[in-house]
Amino acid sequence: MTTTDKRVAEEVPLTAHRRSLTNVGFEWLSTGAAALILVLLAAVAAFLLTEAWPAITDTSGELADKVSWIKPEDGESLLQVVGYLIFGTLLISAIALLIATPLSIGIALFISHYAPRRLAAGLGYLIDLLAAIPSVVYGLWGAIVLIPVLQPFYAWLATYFGWIPLFAPDPTTGVVSPTGRVALSAALVLAIMIIPIITAVTREVFLQTPKLHEEAALAMGATRWEMIRMAVFPFGRSGIVGATMLGLGRALGETMAVYMILSVGLSTSFAILQSGNHNTIAAYIASQFPEANMQGVSALIAMGLALFIITLLVNMLARWIVSRRSEFSGAN
Amino acid sequence: MAKRIDVNNLNVYYGSFLAVEDVSLSIEPKSVTAFIGPSGCGKSTFLRTLNRMHEVIPGARVEGEVLMDGTNLYDSNVDPVAVRRHVGMVFQRPNPFPTMSIAENVLAGVKLNNGRMSKGDGEDLVEQSLRGANLWDEVKDRLDKPGSSLSGGQQQRLCIARAIAIKPDVLLMDEPCSALDPISTLAIEDLIQELKTDYTIVIVTHNMQQAARVSEKTAFFNIAGTGKPGKLIEMDDTTTIFSAPSERATEDYISGRFG
């Protein structure tokens, strides 16, 4: 009998626990990595809360005295400024999402179900490249290239659709902003920035549609579009919602592009073709932070806290939407 | 309803690979025809050419003709989508739509064909189709539950109900019982016997006893070796195929000498 004939099992007693150092080490490493996420999240939340606390709880009016951008003489308080900013942030992000989602789903469907295989691969790669462009470049391109192109279109919109509050021209001058640095421009650039994210995620989801379901639809005489409606969309529904929320997360927090494009102001106006009406939380913090004193920083952090809470709520809403009809999802 | 199929010199390709070579056969209306043969012999591939599902795979194509009551399904002016509304199909693994309820699953194909139908007509058709698939008594109290909540055998009968709700001329079944237990298999086989009074049925099966039990005609497919095309060896009355086949290969296969 040579050594190679020896049965391995004979050498391992039933009571042997193979807990080598690498085994235990890896278990700790992965547990630690998971715990680190929780610690980081808690740390960020704690930082925001403690730093923002003085500004939130200030009742003496001292905050208004020491923070130049809160104007009590105009009847403004911190809460009101934050309110305007939340409005602007949500408005611009919602418009960006409204534009980006259908486009992204269309692109993803073309790549996953319509395009010939080679074209699909190339196009997918190009879309991924869009995600690699830094946001400051998007800001520059938006401000220098896109806006001059869009401005005449805005004027046209206001002329023919000005009766819709969204497209209303400036009531005093009767025309739209001649610079084009308006909320719609910011929303359009944001839309372009989030298209790659939504497209990449939905494309992967669409590609995972079970062949079984696609063939079930085709075999009962569905056209390709009917097959997509019967098999691909229902299967990918939670993926589409998830992708949209990822995109919304980026749009809500995007700072640089909005900062460079938007002519800012504070209001709750829906007129997205007028300049000086809107601003977003992220862009506002970035613009005020370099000049802020101690109370000012505290007030800005309170705004950061507001943004953090909004993003959290959006994510929870998305999870709720996904779980609502989980009994009917493709998972079971 | 219930049309005959004549296949003339059909070659089936995946890209440049010839998968099934030169098949000619006839399928009588209101009869059950079984395709048997070893794995990879092309019987499922051939079945999928009868409702033009074969060409769903990129690069897949055919040469030759498939006549349904004299009309060539591969004529240039024939729409494959329309073909599939006349030739229904049941797959190897039950595939009800998981996001639809039992009732919605049954009506899925009908809604494609004529858009809206009244609620009452819809309910009638659901009951009629589920009764046709011997499933009504088991699910009548939970029509709004997802189709995926049923057992495998029930799901397969739901898929049959979905297929017959469109009232096709021909029903193709691709190993419909291979994922099911013996009791569910028996239920499907009984159902096939009932369905053949209205439909032309073609069934692919690995189970020779099943072919002997349910079919009037049996076609035996075989393959000479890996990379070679599958061929139709012979087709005859099922009793003849299983008692006195004219080809040596058929006899070897049905007596269990290979495959």
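In the predicted model, strand 9 of chain B, which spans residues 217-223, is mostly covered, with 5 of its 7 residues buried. This strand belongs to an open sheet of 10 strands in chain B, arranged in the order 5-4-1-2-10-9-3-8-7-6. The pairing within the sheet is mixed. Its edge strands are strand 5 (71-72) and strand 6 of chain B, each of which pairs on one side only. In general, the strands of a sheet pair through backbone hydrogen bonds, in either a parallel or an antiparallel sense.

Strand 9 of chain B pairs with strand 3 (residues 32-36) of chain B in the parallel sense, over 4 bridges. Within this pairing, Thr33(B) has Lys217(B) of strand 9 as its bridge partner, and Ala34(B) stands opposite Thr218(B). Strand 9 of chain B also pairs with strand 10 (residues 230-237) of chain B; here the two strands run antiparallel and are joined by 7 bridges. Phe220(B) stands opposite Glu234(B) of strand 10 in chain B. Strands 9 and 10 of chain B form a hairpin, with 6 residues between them. In the turn of this hairpin, Gly227(B) has a positive phi of about 90°.

Both Phe220(B) and Glu234(B) are also touched by Thr250(B), a residue of helix 10 (residues 248-254) of chain B. Thr250(B) counts as buried because its relative accessibility is 0%, below the 20% limit for that class. The side chain of Thr250(B) makes a polar contact with the side chain of Glu234(B), at 2.7 Å.

Asn134(B) is located in the loop between helix 4 (119-132) and helix 5 (136-139) of chain B. At 31% relative accessibility, Asn134(B) is classed as partly exposed. Lys167(B) likewise has a phi near 55°. The loop that holds Lys167(B) runs between helix 6 and strand 7 (170-174) of chain B. Lys167(B) has a relative accessible area of 37% and is therefore partly exposed, this class covering values between the 20% and 50% limits.

A search of the whole structure finds 2 cavities of 30 Å³ or more. The largest cavity has a volume of about 70 Å³. Its lining includes Ala216(A), Ala219(A) and Met220(A) from chain A. From chain B, the lining residues are Gly88(B), Met89(B), Phe91(B), Cys159(B), Arg162(B), Ala163(B) and Ile166(B). Two or more lining residues come from each of helix 8 (211-219) of chain A, strand 6 (87-90) of chain B and helix 6 (152-165) of chain B. Helix 6 of chain B gives the largest share, 3 residues. By class, the lining of the largest cavity consists of 8 nonpolar residues, 1 polar residue and 1 charged residue.

The second largest cavity holds about 30 Å³ of space. Helix 9 (residues 224-253) of chain A supplies the largest share, 4 residues. The lining of the second largest cavity has 6 nonpolar and 2 polar residues, and no charged residues.

The largest pocket contains about 780 Å³ of space and is lined by 27 residues. Nearest the centre of the largest pocket lie Ser112(A), His113(A) and Arg224(A) of chain A, together with Val56(B) and Pro58(B) of chain B. In chain A, at least two lining residues are supplied by each of helix 4 (78-114), helix 5 (117-132), helix 7 (183-207), helix 8 and helix 9. In chain B, helix 2 (80-86) likewise supplies at least two. The lining of the largest pocket divides into 16 nonpolar, 4 polar and 7 charged residues.

Definitions and conventions
Residues are numbered from 1 along each chain as its sequence is written. Chains are lettered from A and ligands numbered from 1 in the order in which they are written. This is a predicted model: local features need pLDDT of at least 70, side-chain atom pairs count only at pLDDT 80 or more; totals for chains, interfaces and linings use all residues. Side-chain values use heavy atoms; hydrogens and water are left out. On a 1 Å grid over the protein atoms alone, a cavity is a set of points where a 1.4 Å probe fits but cannot get out, and a pocket is an open set with protein on both sides within 12 Å along at least five of seven lines; lining residues have an atom within 4 Å of a point. Grid points are joined across faces, edges and corners, and a volume is the space filled by probe spheres set on the points. Ala, Val, Leu, Ile, Met, Phe, Trp, Tyr, Cys and Pro count as nonpolar, Asp, Glu, Lys and Arg as charged, and the others, Gly among them, as polar. Buried means under 20% relative accessible area, exposed over 50%, partly exposed in between (1.4 Å probe, protein chains only). A polar contact is a pair of N or O atoms within 3.5 Å; within protein, one must be able to donate a hydrogen and the other to accept it, and residues adjacent in sequence count only if both atoms are side-chain atoms. Contact means heavy atoms within 4.5 Å. Two strands pair if DSSP finds at least two bridges between them. Lists of a residue's contacts leave out its neighbours within four places in sequence.
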